[in-house]
Amino acid sequence: MKGRLIYLIGPSGSGKDSVLEAAREALQARGVRIARRVITRSAEAVGESAEAVSHDEFDRLEANGAFALSWRANELAYGIPAQIDQWLAAGDDVLVNGSRGYLEQARQRYPGLLAVLLHVQPEVLRQRLLTRNRESPEQIEGRLARNARFDDTLDGVVSLDNSGELRTTVQALLDIIEG
Ligand SMILES: Nc1ncnc2c1ncn2[C@@H]1O[C@H](COP(=O)(O)OP(=O)(O)O)[C@@H](O)[C@H]1O
Ligand SMILES: O=P(O)(O)OC[C@H]1O[C@H](OP(=O)(O)OP(=O)(O)O)[C@H](O)[C@@H]1O
């Protein structure tokens with residue numbers, strides 16, 4: 001039986017990376033694989049959950065079919081390694097840190113995907129982006145402005161609130177996955 005693609009999305013700063021890291025052990029214990037993204041972001045700004053490459057290297061990888069999914073946003077390019085198709089074919093569930101803007105394309109390739117939309121209250125979101133201190137103030141404003149395009153427009157997604165404690169969100173995510 002084929003595995004299920006779990007496609008975690010939400011505004012920049014809503015906590016996708018944090019939730020993935022906090023849930024990593026529990027997910028692995030349940031046999032859920034977590035895809036490591038490839039991103040054209042500077043190496044210092046990428047942790048365990050992503051690999052940094054140059055724009056040229058990204059384009060080369062993409063042209064060579066290295067990605068199951070790839071998209072561009074926030075002046076960056078993001079790729080999900082093609083290896084996830086082997087995991088899914090072997091029957092494993094796979095969790096990816098996805099993009100709202102790319103949801104429909106992802107659905108076309110993986111019709112049965114489970115989309116989980118992380119959200120936090122707007123004032124909390126701005127504060128978290130500022131506290132994270134990874135982007136410039138202009139880039140933060142750009143990311144907040146990008147959200148307006150997605151308000152209430154995402155069909156067929158399960159909502160997951162991350163306004164409170166991380167461990168509460170992790171438990172709720174595990175509940176969603178276990179259905
Ligand atoms: N539940 C939470 N409570 C408090 N801070 C959080 C919570 N979730 C995430 N954060 C913080 O918010 C910031 C953005 O989280 P991050 O995981 O980088 O978001 P994303 O990957 O969606 O952009 C980080 O500084 C992170 O430590
Ligand atoms: O279409 P959107 O839903 O707006 O998503 C666009 C991209 O922004 C986020 O990544 P980003 O590199 O910004 O990671 P971050 O969320 O950790 O900031 C998200 O994971 C997507 O890759």
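Predicted model: local features only at pLDDT ≥ 70, side-chain atom pairs only at ≥ 80, totals over all residues.
A polar contact here is a pair of N or O atoms within 3.5 Å; within protein, one must be able to donate a hydrogen and the other to accept it, and residues adjacent in sequence count only if both atoms are side-chain atoms. Residues are numbered from 1 along each chain as its sequence is written, chains are lettered from A and ligands numbered from 1 in the order in which they are written, and side-chain values use heavy atoms, with hydrogens and water left out.

**Ligand 2**

- The shell of ligand 2 holds 19 residues, and R41, Y78, R134, R143 and R146 are the closest. A residue counts as near if one of its heavy atoms lies within 4 Å of the molecule.
- The side chain of W71 places an N or O atom 2.9 Å from an oxygen atom of ligand 2.
- G101 uses its backbone instead: an N or O atom there is 3.0 Å from an oxygen atom of ligand 2.
- On its own, ligand 2 has 490 Å² of accessible area, and the protein covers 98% of this. Accessible areas come from the Shrake-Rupley method with a 1.4 Å probe; for residues, only the protein chains shown count as cover.
- Shell residues, at least two from each element, come from α1, β5 (67-73) and α6 (137-147). Helices (H or I, at least four residues) and strands (E, at least two) are DSSP runs, numbered from the N terminus.
- Nine charged, six polar and four nonpolar residues make up the shell around ligand 2. Ala, Val, Leu, Ile, Met, Phe, Trp, Tyr, Cys and Pro count as nonpolar, Asp, Glu, Lys and Arg as charged, and the others, Gly among them, as polar.

**Ligand 1**

- Ligand 1 has 14 residues around it, with G13, K16, S18, R132 and G164 coming nearest.
- A polar backbone atom of K16 lies 2.8 Å from an oxygen atom of ligand 1.
- A nitrogen atom of ligand 1 is 2.9 Å from a polar side-chain atom of N162.
- L166 contributes a backbone N or O atom, 3.4 Å from a nitrogen atom of ligand 1.
- The protein covers 75% of the 560 Å² of accessible area that ligand 1 has on its own.
- α1 (16-29) and α5 (122-132) are the elements that give two or more residues to this shell. The largest share, three residues, is from α1.
- The shell around ligand 1 counts seven polar, five charged and two nonpolar residues.

**Largest pocket**

- Pockets and cavities are found on a 1 Å grid over the protein atoms alone: a cavity is a set of points where a 1.4 Å probe fits but cannot get out, and a pocket is an open set with protein on both sides within 12 Å along at least five of seven lines; lining residues have an atom within 4 Å of a point.
- The largest pocket has about 520 Å³ of space. Grid points are joined across faces, edges and corners, and a volume is the space filled by probe spheres set on the points.
- Its lining has 32 residues, of which P11, S12, G13, K16 and R132 are closest to the centre.
- α1, β5, α5 and α6 each give two or more residues to this lining.

**Second largest pocket**

- The second largest pocket has a volume of about 430 Å³.
- Among its 19 lining residues, P11, R100, H119, N147 and D151 lie nearest the centre.
- Its lining has 11 nonpolar, four polar and four charged residues.

**Cavity**

- The count is one cavity of 30 Å³ or more.
- D17, L20, R24, I34, A35, R37, S49 and N97 line the largest cavity.
- α1 gives the largest share of that lining, three residues.
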